[in-house]
Amino acid sequence: MQILRTAAAAGLALATLSACGEMATLPVEAGMGPAPQLPAPNPTLIPTVKTAKAVGWPAGAHPRAADGLAVTGFAAGLDHPRWLYVLPNGDVLVAETNAPPKPESASGGLKGWIASLVMKRAGARTPSANRITLLRDADGDGVAETRGVLLAGLNSPFGMALIGRHLYVANADAVLRFPYESGQTRIDAPGEKVTDLPAGINHHWTKNLLASPDGARLYVSVGSNSNVAENGMDAETGRAAIWEIDVASGAKRLYATGLRNPVGMAWGPDGKTLWTAVNERDELGSDLVPDYMTSVRDGGFYGWPYSYFGQHVDTRVAPQRPDLVARAIVPDYALGPHTASLGLAWSGGARLPYGEGMFVGQHGSWNRNPPSGYKVIFVPFAGGRPGGPPQDVLTGFLDESGQAQGRPVGVAVDRRGGLLVADDVGNAVWRVGAAP
């Protein structure tokens, strides 16, 4: 009986929240590009909740590829695949992972309970498999015929990077180093801790990794512990930032700050400019705030939590910091409000009908009515900068009823020039190639 009451309460809460929210007055595209429209904030007593229920793909179904492209199922039957990494020999690593358990002190009361219901409905409350799986497509037909567990017993692993004969993995609380030889299909050696990472509440738990071109440094993305510092700035120490780690010593320093939840990272066309995809804040209405993609300056501050998209002050934050707002850097390119843009991959090596640019995996909104994201897009570059409107690459993740058949997360270009997409609701990795 208690289970029935809890289920009924959960359904009522979600229905109430969905009914009470406001609606967008601008199309998603208005919040995209180098100069997005930023209307006045529209906060509501009850935040807008428009969550796509996770249902998975019907048998034989798959996302829709843009004209000139074809999509195949590279691997199916995975357990919440979130992130991808392509090894030099063509093997594909996929992090099958989810959020670590939160401490009791981080329950968040009624708001935390509602957030938990939302995440469960969206398919983001399954236990973490805590492993990295190796996929191999030896015959090049776009389908991995070999699958095996490369690493097990991890702690919500996410980012991966190979430097020389070592594979680096970012757990939710630390960066680990493992010995690796080309072609290896299982690693049994224990990981060596390189450095600890901010953990605890883990409002944002995903920690991504990117190696510098010379292999001397690692860059680690660490999201915030809150929406807009409602847990206090002490809880944000070392968070909402990208860290730089010296590989040889493990010493680290803050490379850039004020980035609410940077996830995807990639090197730009010059091979030395770091780019990241950032999830911005919620609960200012369906039209605010756009997520974004930006080049990252050493020592740069990007506004969170005090301001967004440069000097647009968020009045919810106390105390205010006008000194920091004054030096907040305007991001290079907005990716639409609440699109949850996570995956980021430079197009170099892709054999697809696109020029230079970035592929972006947009996981999809919960705080916008109507929904945004739930697709993979391409942002063209010109002269080393974003140079045009985004183009759809992979769509159809929402069915006609608005339910999520899948949700794209990590993206990566494989050794044969196809685009791989991790789908954590469809439990699959999709491969996008040129149409035959």
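Which residue forms a salt bridge with Arg385? I looked it up in a predicted model, where local features need pLDDT of at least 70, side-chain atom pairs count only at pLDDT 80 or more, and totals for chains, interfaces and linings use all residues. Residues are numbered from 1 along each chain as its sequence is written, and side-chain values use heavy atoms, with hydrogens and water left out.

Entry one. I found that the partner is Asp332, with the closest N and O atoms 2.1 Å apart. A salt bridge here is a side-chain nitrogen of Lys or Arg within 4 Å of a carboxyl oxygen of Asp or Glu. Arg385 lies in strand β25 (residues 385-386) and Asp332 in the loop between α3 (322-325) and β21 (333-337), so the pair ties together parts 53 residues apart in sequence. Helices (H or I, at least four residues) and strands (E, at least two) are DSSP runs, numbered from the N terminus.

Entry two. I checked accessibility: buried means under 20% relative accessible area, exposed over 50%, partly exposed in between (1.4 Å probe, protein chains only). Arg385 is partly exposed at 36%, and Asp332 is buried at 17%.

I noted a salt bridge between Arg82 and Asp424 (2.7 Å, N to O). This pair links distant parts of the chain, 342 residues apart. Arg82 is buried at 9%, and Asp424 is buried at 4%.

I looked at Asp188 and Arg186, whose side chains meet in a salt bridge (2.9 Å, N to O). Asp188 is exposed at 62%, while Arg186 is partly exposed at 43%.

Entry five. I recorded 19 salt bridges in the structure. A network of salt bridges links Asp214, Arg217, Glu244, Arg253 and Asp298.
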